[in-house]
Each structure stands twice: as C-alpha cells, then as structure tokens.
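I record here what I looked up in this structure, entry by entry. The sequence and the coordinates are shown first.

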Amino acid sequence: MKAVVITRTGGPEVLEIREVADPAPSPGHELVRVEAVGLNFADVMTAQGGYPGAPKPPLVAGREFCGKSDGRLVMGYAQWGAFAERVAARSALLWPVPAGWGAEEGAAFPVNYFTAYFAFWKAGFIGGPNPAAGCAQRVLIHAVAGGVGTAAVQIGKLLGVEMYGTSSSDEKLARVKELGLQHGINYKQRDYEDAIKDLTQGQGVDAVFEMLGGEHTAKSVRCLSDFGRAIVYGSATGQKPELDTRLLYAKGASVHGLWLTYLSAKPELMSQAWKQLSSWMSQGHLHPAIGHVLPMEKAAEAYRLLSEGKNFGKVVLKFI
Ligand SMILES: NC(=O)c1ccc[n+]([C@@H]2O[C@H](COP(=O)([O-])OP(=O)(O)OC[C@H]3O[C@@H](n4cnc5c(N)ncnc54)[C@H](OP(=O)(O)O)[C@@H]3O)[C@@H](O)[C@H]2O)c1
C-alpha cells in the first residue's frame, strides 16, 4: 500500500510517498481503508523529531483518519501510521461519522474536538464545579483560527462562553468570528495581554488555552482572573514554557496539563467526551472548519501550511 513516510528527521522535505507493507491488526484493532486524513501540529513535530515517544524514522506519519471498516464510514485516532491507504486502528478509538458528513469532515474531527472538549473540561466549564463560576465565563484561546482553536470556538459558543482569541491575521479572525468568536486579537498588531486587560476592564479571563510555550505561558497566566486556570497543551513556538509559579499565588490561579495521547487511553473519559460531542453533532452544532484539502502526494505542502501558520482550521489530505 502507499503511505506518507517520514524518511528521516527534518522539515516537510523529508516526507515521501512510499510503498510499505499492509498493517496487520492485533486483537482490539481493526483494519480501516483510509479515504482522508487530518494533519496536526503533532505530525509536524513528529517529522522534526520533537514529539515525545515517537519511534525513529523511517516511520509512517499520521494520527487521525477517516475511512471504511466493514462498510461503515468511521473516523479514528492513532499515534502514527494513519497517513496510509490502510491503518490497523484501535476499535475503542473509532467513532461513526455522522450522517451528512463525508470523509473530509470525519478526518478533521477527532483530535480537534476531543482536545477542545477536554480543554473546557479541565478549565471547569463542563461537568463540575468551577471556582470561577458566578461571573460571566471568559476564555482566551490562542491560535483561535487553527484546528483546535476553531473547534474550541464552536464548543465555547454552545457553552455560552465569552471568547477572546489570538491570530496573526485579521482575515483569519474575521472567519472565526463567523463561527462565534466575540473578540479577535491580532497579536502582530497588538500585545494580547494589554488587549485582554482592556477588553475585560482589568478583570482578566477565567481560562486560557495555551499552546505556544516560551514567554507566552507566563503572559497567558497574567491574563487570568482570580482562580483562573491556564490549560497548557502545546509549545508551537518550539520553546520551553517559561513560568515562575509564584505568579500563581496572588490570584489562586492554576496551570493544568492536557495531552490527548494520555487521555485517549482512559476509556471512561473518552466515552464521556464522545457522549457530549456526539449529542452536539446529532443536533447539527459541530462543523469542522477545513481550510485546505490536498491530495496525499502534496503532504509536504500540507505540512508547510501548518508549520508556517498559513492554515485556517484543518488541513486535510485525500487518499481516495
Ligand atoms: N496536548 C494535546 O493533546 C494537543 C492536541 C492537539 C493539538 N495540540 C497542540 O495545539 C496546538 C495547535 O495544534 P493544531 O494541530 O490545531 O494546529 P493549528 O492551530 O491548526 O496550527 C497552528 C497555528 O498556531 C499558530 N501559531 C502561533 N505561533 C506559531 C508558531 N511559532 N509556529 C507555527 N504556528 C504558530 C498559527 O496560527 P496564527 O498564525 O493564526 O497564530 C498556526 O496556524 C499545537 O501546539 C499542538 O501541538 C495539543
């Protein structure tokens, strides 16, 4: 079968379409004939050699996919091996694609929506007491025009959250506003910490979804209100998060880690998330934002879009 192979550590130039052996499903797994796959920042990091736990190249790339298994259209999540014509997928991490959706939408769903759901859950906005409850709930979403960002905006709208989001582009922010974002902050034009201070009359936000790392971890914590929570789930800048935890004392703030790789091994949590997500989907509330659809042969171009911040929402690769 054909697959997108990370041939060695590096940028998009290390990707090659190669013939590889078909995967053999072990117990608890099933074979899926892949029709489309979703590209994630984690795939870019895996090729660069910066993703924790990834095997050494050569390695078949890819962690989310949509295709047919026993005649059903399913979408699924893996750690790698998904950018191939066939994937041996964990049955527990396969979900039915809702009626009316095609393979492209299915391929754009799992990582973004489960991650965004868990970010709101960890922030205390879903299913549990939130120490910040009682006042209007506000969240700052970094990379709001990206895959996880656009999914978070759709969920935040359903939860009635006041949302503030950062992006490098006014055009991208205008598109996210159509999804329900109330306050767009172009960080190329304005310091987001100042903007949050102004827009919230100095009160700050109840949660920040922080995936940038470097100085942004501390800056994001400074955007929090009393008892606010920073949900840290990435470091797109490639820099180690800088945070003096003494910053947290003054307002009872906290920092929470979020990693879907880890959570995906917790069946109860995944089924609780799926119950809510599938209910919203069946009511027609969730629509994956897909900015680019490219053939599998253009995998390198797709990786470039994401690593250079030129994507809007999800970049999808088509296999059929
Ligand atoms: N922990 C987890 O389980 C988990 C799961 C999914 C994703 N993530 C993390 O969440 C983040 C978003 O992932 P995604 O797949 O949805 O990607 P994405 O947001 O669709 O794409 C990345 C976006 O980040 C913004 N960005 C800001 N600084 C950047 C930089 N230095 N380099 C590249 N992009 C930069 C860009 O948007 P603007 O130009 O508009 O700012 C870019 O479009 C990543 O850090 C990823 O590792 C973590």
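How many cavities of 30 Å³ or more does the structure hold? I work from a predicted model, and I find 1 cavity of 30 Å³ or more in it.

**Entry 1. The cavity.** I looked up the volume and noted about 30 Å³ of space in the largest cavity. I then listed the lining, which consists of Ile6, Asp43, Thr46, Leu59, Val60, Ala61, Gly62, Gln79 and Trp80. I asked which elements give two or more residues to this lining, and found α1 (41-48) and β4. By residue class, I recorded 5 nonpolar, 3 polar and 1 charged in the lining.

**Entry 2. The sheet.** I noted an open sheet of 3 strands in the order β2-β1-β4, with antiparallel pairing. Why does one side of β2 and of β4 lack a neighbour in the sheet? I found that β2 (15-19) and β4 (59-60) stand at the edges and have a single partner strand each, so one side of each is left without a neighbour there. I recorded for myself that strands of a sheet pair through backbone hydrogen bonds. For β1 (residues 2-6) and β4, I counted 2 bridges in the antiparallel sense. Within this pairing I located Ile6 opposite Leu59 in β4; both Ile6 and Leu59 are also listed in the lining of the largest cavity.

**Entry 3. Helix α1.** Is α1 mostly covered or mostly open? I found it mostly covered, with 6 of its 8 residues buried. The buried residues are Ala42, Asp43, Val44, Met45, Thr46 and Ala47. I looked up what the buried residues of α1 pack against, and noted β1, β3 (29-39), β4 and α11 (299-307). Just after α1, I recorded a positive phi of about 85° at Gly49.

**Entry 4. Leu159.** I finally examined Leu159, which lies in helix α4 (residues 147-159). Is Leu159 buried or partly exposed? I noted a relative accessible area of 29%; because buried means under 20% and exposed over 50%, Leu159 is partly exposed. Leaving aside residues up to four places away in sequence, I found that Leu159 touches Phe120, Phe125, Ile126 and Trp280. I also looked up its separation from Glu30, which is 129 residues away along the chain: the C-alpha atoms of Leu159 and Glu30 are separated by 35 Å.

Note on methods: Residues are numbered from 1 along each chain as its sequence is written. This is a predicted model: local features need pLDDT of at least 70, side-chain atom pairs count only at pLDDT 80 or more; totals for chains, interfaces and linings use all residues. Side-chain values use heavy atoms; hydrogens and water are left out. Two strands pair if DSSP finds at least two bridges between them. Helices (H or I, at least four residues) and strands (E, at least two) are DSSP runs, numbered from the N terminus. On a 1 Å grid over the protein atoms alone, a cavity is a set of points where a 1.4 Å probe fits but cannot get out, and a pocket is an open set with protein on both sides within 12 Å along at least five of seven lines; lining residues have an atom within 4 Å of a point. Grid points are joined across faces, edges and corners, and a volume is the space filled by probe spheres set on the points. Ala, Val, Leu, Ile, Met, Phe, Trp, Tyr, Cys and Pro count as nonpolar, Asp, Glu, Lys and Arg as charged, and the others, Gly among them, as polar. Buried means under 20% relative accessible area, exposed over 50%, partly exposed in between (1.4 Å probe, protein chains only). Contact means heavy atoms within 4.5 Å.
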